[in-house]
Amino acid sequence: MASLQASSLLSSSSSIVSSSKRINAAISVPKLPRIRFPVPKTPSTNLVEDLILRNGYTNTIPIEKSTVTLPRIDKEPSVNSSTSKATAKLYAILEAVADRVEMHQNMGEQRDNWNKLLLNSINMITLTATTMAGIAATGGAGAPLLALKLSSTLLFTAATGMLFIMNKIQPSQLAEEQRNATKLFRQLQRQIQTILALHDPTELDVRNAMDKVLALDKAYPLPLLGKMIEKFPAKFEPALWWPKPHDFQRKSKRPGKNRWSEELEMEMREVIEVIKGKDTEDCMRLGNLVLKINKILAISGPLLTGIAAAGSAFVGNGSWAAIVAVAAGALATTVNTFEHAGQVGMVVEMYRNCAGFFSLMEESIESSLEETDFDRREDGQTFEMKMALQLGRSLSELRDLAQKSSSSRIDGVEVDEFASKIF
């Protein structure tokens, strides 16, 4: 009995000790750090609206006890369909015009480089061949003489072929054509931008712009083979880069005669007479003269190098052969330098462009005066100002020119000044 009591006491005491150890162990465990998790905020109204607009939903969404109703964005604003189509077409034409400006500008730079490189190369070849012919004539025989004669003849022959091609295409004139095309395409680009900025475009504006682009493409072609402008025509003619005039003119909203008067019409008629009698006639006369000079130079260069090639082939058989080869080579270099370094072809194209400019002015004034409906004419004062600026004159100078032309016709004498102060 006593043993049982003792064992029970021992077991109870051991259980108490073990429980106390468990309690101590639990108390000695280190405290873990407190981790705070961020609570997501309610999205703002602007963000939700942005998501709704992107997805195109139209629902009533409660946000912070408020209701936001967003409309469906599936319809374009109501605009005039014909005006919007014409505007889109004009912008497409504007992009094409900008592309052509860059193309003609690059071509102009390239063909100007052609002129410089071909000129320097042909002159160096000709001078080298001339030097060899002169050295061969000073003495020697056998293989050295034959080598000099053969080299000189081959170089003169190569110079003849290259000079023939260069005179045929006239690189300086080609470069001037591309410069004029660049200027005119930029002018058309500004005209289209003005229409888009100040007016509501119509289909007639689109057709007019298209016709101008095609007329410029025809007047100043980019390729050389098949479409190149004839450099030596039988008759000198002004450049033509504008289409035939249309019946369309933008109607004026100004009542009356659209600021046209009899005095203004008489002034424009007198300006036409001065342009025809002085400026156009002078451009045609000088253009014909320069064209004839260019023809002579273009024929003389290859002819002289051909004579030099023939003379160099007979060097050593007499003194005259060497004299002919050296003299013809020197003259060919001089003629080639005068023609291409002096850019005679460019001068021809400049007079073609000037004559075309005056022809365009005449046609513009005549078509405005022939229009009987004043509403279909351009504003009279604006038209007068544009003509004065194109001629490099002020309004008062333009009126003085018209009065001088009228009085000169009455007195039977010729006007002593040109209409344009620019060309």
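## Charges, rings and helices in a predicted model

K278 sits over the face of F418, 4.9 Å from the ring centre (a charge counts as over a ring if NZ of Lys or CZ of Arg is within 6 Å of the ring centre and within 35 degrees of the ring normal). This is a predicted model, so local features need pLDDT of at least 70 and side-chain atom pairs count only at pLDDT 80 or more, while totals for chains, interfaces and linings use all residues. Residues are numbered from 1 along each chain as its sequence is written, and side-chain values use heavy atoms, with hydrogens and water left out.

**Rings**
- R377 lies over the face of W260, at 4.8 Å from the ring centre.
- The structure holds 3 aromatic pairs (rings of Phe, Tyr and Trp, the last by its six-membered ring, with centres within 6.5 Å; planes under 30 degrees apart are stacked, over 60 edge-to-face, the rest tilted).
- One of them joins W241 and W242, whose ring centres are 5.2 Å apart with planes at 85 degrees, so the pair is edge-to-face.
- W241 is buried at 9% relative accessibility, and W242 is buried at 14% (buried means under 20% relative accessible area, exposed over 50%, partly exposed in between, with a 1.4 Å probe and protein chains only).

**Salt bridges**
- There are 18 salt bridges in the structure (a side-chain nitrogen of Lys or Arg within 4 Å of a carboxyl oxygen of Asp or Glu).
- D217 pairs with R100, the closest N and O atoms being 3.0 Å apart; this links D217 in helix α6 to R100 in helix α3, 117 residues apart (helices are DSSP runs of H or I, at least four residues, and strands are runs of E, at least two, numbered from the N terminus).
- D379 and R259 form a salt bridge at 2.8 Å between the closest N and O atoms, and the two residues are 120 apart, each in a loop.
- D379 is buried at 10%, whereas R259 is partly exposed at 40%.
- E176 and R179 also meet in a salt bridge, and both lie in helix α5, about one turn apart.
- R377 returns here, linked with E265 and R269 in a network of salt bridges.

**Annotated spans**
- An unreviewed UniProt entry lists transmembrane regions at residues 117-137, 143-165, 296-314 and 320-338 (positions follow the numbering used here, feature names are shortened, and annotations may be inferred rather than shown by experiment).
- Residues 143-165 are 100% helix, with end C-alpha atoms 33 Å apart.
- Residues 296-314 are 95% helix, and the end C-alpha atoms are 28 Å apart.
- L331, in helix α8, lies 7.0 Å from L304, C-alpha to C-alpha.
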